[in-house]
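Morning, everyone. Let me put the structure up, and then I'll walk you through a few parts of it.

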Amino acid sequence: MRNFLGKSVAVGAIAMLALTACGSGREGDSKTAGGSAKGFAADSLIGVALPAKTSENWVLAKDLFDKGLTEAGFKADVQHAGASTTVADQQAQITAMVTKGAKVIVIGATDAAQLSTQVAAAKKAGVKVIAYDRLILNTPDLDYYVAFDNFKVGQLQGTALLEGMKKKKAKGPYTIELFSGSPDDNNAGVFFNGAMDVLKPEIDKGNVVVGSKQTDVKQTATQGWKAEEAQKRMDSLLTSTYGNKELDGVLSPNDTLARAIIQSIKGAGKTVPVVTGQDSEVESVKSIVKGEQYMTINKDTRNLVKETITMIKALQAGTEPQINDTKSYNNGNKIVPTYLLPPVAVTKDNAAEAYANDPTLGPLTKG
Ligand code: BGC
């Protein structure tokens with residue numbers, strides 16, 4: 001099902017662009033590629049509905065959308081869902097954006113499966129909908145998806161986990177635990193599948209052992225991506241399984257959870273194993289530089305927001321936004337035309353290089 005943006009996909013994407021270009025105006029186009037767009041006024045309202053601030057990237061995204069959309073001449077309405085009633089909040093925010101006359105609504109879904117009614121209403125009002133970072137499921141009305149390659153993120157985490165453990169201990173078997181993100185976020189499963197794509201063959205060969213035997217995504221889930229949930233689960237795994245056993249590694253899907261897991265392990269008086277992460281959060285980059293958390297993923301939010309605004313500008317001008325993936329993201333109703341950006345794995349070894357152009361993270365790598 002997955003592709004890795006190899007040559008054949010790139011050719012397929014170009015072919016699809018060519019098809020939509022010469023086919024614009026023909027019946028049926030709107031269903032396949034987001035609409036025979038007529039464009040809209042250059043100072044139109046653009047809505048951006050983001051999840052609660054469960055990780056730094058969402059906080060950064062609001063700032064960047066506010067600035068970037070305003071600089072591009074649009075009016076911006078950028079909102080986070082509240083911390084407790086996230087789904088209802090986001091549904092109401094999207095509905096209000098449609099009522100206010102937004103021409104495009106960008107959504108980082110709080111719950112992938114709970115937005116089809118709002119997306120349908122947007123479509124009916126002629127609004128283009130772009131899923132940002134997280135896919136929206138079970139709707140034929142979603143126009144585009146823009147994200148970092150989520151499966152690749154998981155693969156990079158799995159690969160780094162194995163490498164990190166081998167560096168510390170030349171020979172296995174290695175004992176690990178697995179954590180995944182929130183089940184209502186479509187990304188959580190994709191990250192996990194990407195990581196298992198790398199780890200499962202090693203588990204099957206017996207080179208890697210999951211100490212608790214909890215290898216199902218349901219057992220490893222962290223509701224709401226909440227740090228306290230991950231910490232609680234790690235605490236109980238340590239009690240149930242690691243009384244006198246060593247733990248070599250933990251697959252953590254992001255930085256917020258990685259730090260919670262590390263805290264739990266330190267609290268139990270154990271040596272910090274190889275722990276993965278994602279998002280390049282400030283505290284995690286500091287931890288990597290000092291040799292505690294093993295790795296993170298750089299998904300530069302500035303690039304993702306920039307790419308989204310490029311899509312919006314294309315829609316404003318009445319042209320088809322550029323996409324580079326027409327295979328990977330089936331949302332249950334359609335394959336959503338997608339633009340994927342490449343994620344980068346970062347360890348202590350390449351942190352300075354990876355963040356060289358980042359004004360916040362770059363200086364943290366300079367000792
Ligand atoms: C994002 C991650 C983030 C997580 C929790 C995911 O959908 O892709 O970057 O760590 O949500 O906020």
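How many salt bridges does the count come to? The count comes to 16. Keep in mind that this is a predicted model.

Start with K200. K200 pairs with D204 in a salt bridge, with the closest N and O atoms 3.0 Å apart. Both residues sit in helix α7, four residues apart, which puts about one helical turn between them. Buried or exposed, where does D204 fall? D204 counts as exposed, at 54% relative accessibility. K200 is partly exposed, at 42%.

Next, K266 and E292. Their closest N and O atoms are 3.0 Å apart, and they form a salt bridge. K266 belongs to helix α10, while E292 is in the loop between α11 and β10, so this pair ties together parts that are 26 residues apart in sequence. K266 is partly exposed, with a relative accessible area of 44%. E292 is also partly exposed, at 22% relative accessibility. The cut-off for buried is under 20%.

D358 is buried, with a relative accessible area of 15%. R302 is partly exposed, at 32%. There is a further member here: D300 joins R302 and D358 in a network of salt bridges.

Now the sheet. What is the strand order in the open sheet of four strands? Reading across, it goes β7-β6-β8-β9, and the pairing is parallel. β7, residues 208–210, and β9, residues 274–275, are the edge strands. Each has a single partner strand, so one side of each is left without a neighbour in the sheet.

Look at the β6 and β7 pair. β6 covers residues 174–178, and three bridges join this strand to β7, the two running parallel. Within that pair, T175 stands opposite V209 of β7.

Which strands does helix α7 touch? Helix α7, residues 186–205, packs on the sheet and touches β6, β7 and β8. The direction of α7 makes about 155° with that of β6. Helix α6, residues 150–168, lies across β6, β7, β8 and β9. Relative to β8, residues 249–251, α6 runs at about 175°.

Last stop, helix α11, residues 282–289. Which of its residues are buried? They are S284, V285, S287 and I288. Seen down the axis of α11, these buried residues fall within an arc of 160°, so they line one face of the helix. What do they pack against? Their contacts are with α10, residues 255–267, with β10, residues 295–298, and with β12, residues 344–347. After α11 comes G291, where phi is positive, near 85°.

That brings us back to a pair from earlier. The buried residues of α11 pack against α10 and β10. K266 of α10 bridges to E292, in the loop between α11 and β10.

Key. Residues numbered from 1 in each chain as written. Predicted model: local features only at pLDDT ≥ 70, side-chain atom pairs only at ≥ 80, totals over all residues. Heavy atoms only, no water. Buried < 20%, exposed > 50% of the residue type's maximum accessible area, 1.4 Å probe, protein only. Arc of directions from axis to C-beta. Contact = heavy atoms within 4.5 Å. Pairing = 2+ DSSP bridges. Axes fitted to C-alpha atoms, helices over the stretch in contact; angles between N-to-C directions. Salt bridge = Lys/Arg side-chain N within 4 Å of Asp/Glu carboxyl O.
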